[in-house]
Amino acid sequence: MDTLTRANLRARVRRLLATGVLPLRSDDQKLIGGCGLGQPCACCGGTISTSEVLYEIECPERSQALPMHLRCMEAWEIESRISGPGCSQRLVL
Ligand SMILES: [Zn+2]
């Protein structure tokens with residue numbers, strides 16, 4: 001499912017971060033790469049098919065890993081950096 005443009009994807013990820021659906025990227029999260037199994041992506045909501053690269057994010061505070069497309073994971077990392085602590089561009093909620 002490639003209907004989201006990069007800008008749309010970034011905006012969506014930003015919203016998910018702001019609402020707490022997605023955690024901010026941090027060093028204590030574990031990233032596991034693999035192949036998709038048809039599960040929904042935590043960022044774009046699209047299916048991660050068996051021909052696509054899958055990243056699973058294991059967060060210590062969550063019991064379930066977050067599956068993401070490679071490009072969604074990249075958008076998540078960028079948006080986490082922008083909206084995370086220590087950055088002047090804080091999100092105003
Ligand atoms: Zn995705």
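**Figure 1. Strands S1 and S4 pair side by side.** Six bridges join S1 to S4, and the two strands run antiparallel. The model shown here, as in every view, is predicted. Across this pairing, Leu 31 stands opposite Ile 57 in S4. How many of the six residues of S1 are buried? The number is zero, so S1 lies largely in the open.

Figure 2. The secondary structure consists of two helices and five strands. Along the sequence, these elements follow the pattern α-β-β-β-β-β-α. Of the 93 residues, 23% count as buried. Contacts between residues 24 or more positions apart make up 54% of those with a separation of 6 or more.

**Figure 3. Three strands form an open sheet.** The order in this sheet is S1-S4-S5, and the pairing is antiparallel. Which strands are at the edges? They are S1 (30–35) and S5 (66–69), and each pairs on one side only. From one strand to the next, the twist averages 30 degrees.

**Figure 4. Strand S4 meets strand S5.** S4 covers residues 53–58 and pairs with S5 in the antiparallel sense. Four bridges make up this pairing. Tyr 55 has Met 68 in S5 as its bridge partner. Glu 56 stands opposite Pro 67, also in S5.

**Figure 5. The side chains of S5 point two ways.** In a regular strand, side chains alternate between the two faces of the sheet. On S5, Leu 66 and Met 68 point one way. Pro 67 and His 69 point the other way. Are these four residues buried or exposed? All are buried.

Figure 6. H1 takes in residues 6–18, which is 13 residues. At 1.5 Å a residue, the helix should span 18 Å. The buried residues of H1 are Leu 9, Val 13 and Leu 17. These three cover an arc of only 75 degrees around the axis, which means that they sit on the same side of H1. On the other side, Ala 7 and Asn 8 are exposed. Just after the helix, Gly 20 takes a positive phi of about 80 degrees.

Figure 7. H2 (70–83) is included in what covers the buried residues of H1. H2 also lies across S4 and S5. It runs at about 105 degrees to S5.

Figure 8. Which residues does Val 13 contact, leaving aside its neighbours within four places in sequence? They are Leu 22, Cys 43, Ala 75, Trp 76 and Glu 79. Val 13 is itself one of the buried residues of H1.

Figure 9. In soluble globular proteins, nonpolar side chains tend to be buried together. Here the largest nonpolar core has 18 residues. Leu 9, Val 13, Cys 41, Cys 43, Met 68, Cys 72 and Trp 76 touch the most other members. H1, S4, S5 and H2 each supply at least two residues of this core. Which element gives the largest share? It is H2, with four residues.

Notes. Residues numbered from 1 in each chain as written. Predicted model: local features only at pLDDT ≥ 70, side-chain atom pairs only at ≥ 80, totals over all residues. Buried ≥ 20, exposed ≤ 12 C-beta atoms within 10 Å, placed from the backbone. Contact = placed C-beta atoms within 7 Å. Expected span 1.5 Å × (residues − 1). Arc of directions from axis to C-beta. Pairing = 2+ DSSP bridges. Axes fitted to C-alpha atoms, helices over the stretch in contact; angles between N-to-C directions. Core = buried A, V, L, I, M, F, W, Y, C linked by C-beta atoms within 7 Å.
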